[in-house]
Amino acid sequence: MVTGQVSENPESRFSALLAGAARLPGVRVDREAYLRTALARHCTDDQLRRAMEESPAAAGIPLDVLNRVADASIRYETAKVSAVSAAAGLPGVLALPATVPADLAQYVAHMLRIAQKLAYLYSWPDLFSADSDELDDATKGVLTLFFGVMFGTQSANAAVGKVAGMISEQVAKKLPQQALTKGVIYPIVKKVAQYLGVEMTKQTFAKSVSKAIPLVGAAVSGGLTYATFRPMSKRLKTHLAGLELAEPVGGQVITGEVVEDDDLQAADEVKIPEPGRGWGVLKRR
């Protein structure tokens, strides 16, 4: 858990928030399990196996199928994060010190979840190591860039494209560590992190105001979350879908009913704590 005084430097503040949210239960998405449940109705057994072992692009799964599955995941995560945000707005002004940091943490947690789902659909490798609960620097870097894309920063768009190109050229099953931690991408990661630290501080203030009145605050807070989370997720989806890394190889037309994430909840259950429980990750002393 993150304890002690968090630096007021925007970059450090964002990095601490990202690392803290990544430790919350239910945030990490198992790549193979997600692809299996999300794509099972659209693929042959061989295509599904190849999608999990290599990538959906290598399995030849068409982009229109991936786009529809991505939309279903966005709807699911948007509904979940909006409901939790509305619940956090119920107590009103007396609970603000507890509910606002909690609301921001769960917002970032759901951003992490949808970023992983979209990345795996569009043929990115595993983002989290199974051997550690901590974010390594390369994963922190690429997630920062994904968040930058969600917030509409052009430098993040360009950097994500470069990283995807490196993965595609090397036919790699892991992130390019050198580029993200010491190479040409690293300075962009730092600038994007600083920008995100400032932007998320603004969001925290806006949500603090929305929660001041009980009940009314719940509706406004949930509405604000819905109004920001969905278009941000769509922005990342559009960018990842447009990269060469996502293009199917020898794709076949695959038909089938799109599986809504609600139908897959048994295989992909969200276990992010409710506000007021398990939020020590952001507590300051």
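What pattern does the protein chain follow when read along the sequence? The protein chain follows the pattern α-α-α-α-α-α-α-α-α-α, with 10 helices and 0 strands, where helices (H or I, at least four residues) and strands (E, at least two) are DSSP runs numbered from the N terminus. The model is a predicted one, in which local features need pLDDT of at least 70 and side-chain atom pairs count only at pLDDT 80 or more, whereas totals for chains, interfaces and linings use all residues. Residues are numbered from 1 along each chain as its sequence is written, and side-chain values use heavy atoms, with hydrogens and water left out.

Of the 285 residues of the protein chain, 52% count as buried, a term that means under 20% relative accessible area, with exposed meaning over 50% and partly exposed in between (1.4 Å probe, protein chains only). The protein chain exposes about 12,800 Å², of which carbon and sulfur atoms supply 55%; accessible areas come from the Shrake-Rupley method with a 1.4 Å probe, and for residues only the protein chains shown count as cover. Among the contacts in the protein chain with a separation of 6 or more, 80% are accounted for by residues 24 or more positions apart, contact being defined as heavy atoms within 4.5 Å.

Helix α6 (137–150) has 14 residues and reaches 20 Å from its first C-alpha to its last, close to the 20 Å expected at 1.5 Å a residue; the expected span is 1.5 Å times one less than the number of residues. Because 12 of its 14 residues are buried, α6 is largely enclosed by the rest of the structure. The buried residues of α6 are A138, T139, G141, V142, L143, T144, L145, F146, F147, G148, V149 and M150.

Two packed helices are described by the angle between their axes and the distance between the axes. The axes of helix α1 (residues 10–22) and α6 come within 11 Å and cross at roughly 105°, the axes being lines fitted to C-alpha atoms, for helices over the stretch in contact, with angles running from 0 to 180 degrees between N-to-C directions. The two helices α1 and α6 are therefore roughly perpendicular to each other, given that angles of 65 to 115 degrees count as roughly perpendicular, under 35 as roughly parallel, over 145 as roughly antiparallel and the rest as oblique. This contact is made by F14, S15 and L18 of α1 together with K140, L143, T144 and F147 of α6.

The loop between α5 (96–121) and α6 contains S123, a residue other than glycine whose phi is positive, near 75°. S123 counts as buried because its relative accessibility is 7%, and, leaving aside its neighbours within four places in sequence, S123 is in contact with S55, P56, A57 and L245. A positive phi, near 45°, is also found at V171, which follows α7. Helix α7 itself (residues 154–170) has 17 residues and reaches 25 Å from its first C-alpha to its last, close to the 24 Å expected at 1.5 Å a residue. The buried residues of α7 are A156, N157, A159, V160, V163, A164, M166 and I167.

Charged side chains were examined for salt bridges, each defined as a side-chain nitrogen of Lys or Arg within 4 Å of a carboxyl oxygen of Asp or Glu, and by this rule the count comes to 8. D71 forms a salt bridge with K234, the closest N and O atoms being 2.8 Å apart. This pair links distant parts of the chain, with D71 in helix α4 (residues 63–88) and K234 in helix α10 (residues 216–241), 163 residues apart. D71 counts as buried at 16% relative accessibility, whereas K234 is partly exposed, with a relative accessible area of 23%. The side chains of D71 and K237 also meet in a salt bridge (2.8 Å, N to O); since D71 lies in helix α4 and K237 in helix α10, the pair ties together parts that are 166 residues apart in sequence. K237 is buried, with a relative accessible area of 11%. Salt bridges that share partners join D46, R49 and E53 into one network. R50 forms a salt bridge with E54, with the closest N and O atoms 3.1 Å apart; here R50 is partly exposed at a relative accessible area of 34%, and E54 is partly exposed at 38% relative accessibility.
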